[in-house]
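Please look over the sequence and the model before reading on.

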Amino acid sequence: MADEISQYQLVTFQLGDELYGVDIMDVKEIVKVQAVRPIPNAPYYVEGIINLRGEIIPIINLHKRFHIQKRAESESDDYEEDEGGFIILDIEGNKIGIIIDRINRVVQVERGDIKPPPQMLSGIGTEYIEGVVRQETAYLIILDTRKMFNANELQKILEPGA
């Protein structure tokens, strides 16, 4: 039990040139890119909706939301998959998909290793960042999904024009 409290499992992914992570407990599933149907009057960062096995899920573009450049492909990439995809999150009973450049892996971090975020990090305000963890040669930025999509915002996303 003490191990569960001191350890944190994160699904990590590439967005732009940075590595991000979200709590594995918030992740419903990871799916390959598919056609997104635009919806009128949605916030600028909502790409549209997808139909995933009969369930309609809004898709959020974090590149637009946080003004992050898409990742530049390079010859030296040691990843096998070049395709991005969607991470389907379950936030307070609402499913929302976020566009990612590349899925990385599930990692376990010690809660004690999580440091507070610097004031401004890659265009994302610190209010959306739970913390930062040093990984081999880079930093893993842990996103707080509940703060990224508060109740008001969820309503705008789920009911555009309301």
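In this report, buried means under 20% relative accessible area, exposed means over 50%, and partly exposed lies in between, with a 1.4 Å probe and protein chains only. The model is predicted, so local features need pLDDT of at least 70 and side-chain atom pairs count only at pLDDT 80 or more, while totals for chains, interfaces and linings use all residues. Residues are numbered from 1 along each chain as its sequence is written, and side-chain values use heavy atoms, with hydrogens and water left out.

**Overall make-up**

The protein chain has four helices and 12 strands. Helices (H or I, at least four residues) and strands (E, at least two) are DSSP runs, numbered from the N terminus. Of the 162 residues, 44% count as buried. The accessible surface, from the Shrake-Rupley method with a 1.4 Å probe, comes to about 9400 Å², and 48% of this surface belongs to carbon and sulfur atoms.

**Two sheets**

Strands of a sheet pair through backbone hydrogen bonds, either parallel or antiparallel. Here two strands count as paired if DSSP finds at least two bridges between them.

Leu-89 has Ile-96 in E7 as its bridge partner.

Another open sheet of five strands has the order E8-E1-E2-E12-E11, and its pairing is mixed. At the edges are E8 (102-110) and E11 (129-135), each pairing on one side only. Strand E11 is joined by six bridges to E12 (residues 138-143), and the two run antiparallel. Gln-135 stands opposite Ala-138 in E12.

**Nonpolar cores**

A nonpolar core is a set of buried Ala, Val, Leu, Ile, Met, Phe, Trp, Tyr and Cys residues joined through side-chain atoms within 4.5 Å. The largest has 25 residues, of which Phe-13, Ile-60, Ile-98, Leu-143 and Phe-149 touch the most other members. Strands E1 (7-15), E2 (18-23), E6, E7 and E12 and helix H2 (62-66) each supply at least two residues of this core. Apart from it lies another core of nine residues, including Tyr-8, Leu-19, Val-107 and Ile-142.

**Salt bridges**

How many salt bridges does a search of the whole structure find? It finds four. A salt bridge is a side-chain nitrogen of Lys or Arg within 4 Å of a carboxyl oxygen of Asp or Glu. The table includes three of them.

| Pair | Closest N and O atoms |
|---|---|
| Arg-146 and Asp-26 | 2.8 Å |
| Glu-29 and Arg-53 | 2.5 Å |
| Glu-55 and Lys-95 | 3.0 Å |

Arg-146 in helix H3 (residues 145-148) and Asp-26 in the loop between E2 and E3 are 120 residues apart, so this pair links distant parts of the chain. Arg-146 is partly exposed at 39% relative accessibility, whereas Asp-26 is buried at 8%.

Glu-29 lies in strand E3 and Arg-53 in the loop between E4 and strand E5 (55-60), so the pair ties together parts 24 residues apart in sequence. Glu-29 is partly exposed, with a relative accessible area of 23%, and Arg-53 is exposed, with 65%.

Glu-55 lies in strand E5 and Lys-95 in strand E7, so this pair ties together parts that are 40 residues apart in sequence. Glu-55 is partly exposed, with a relative accessible area of 33%.
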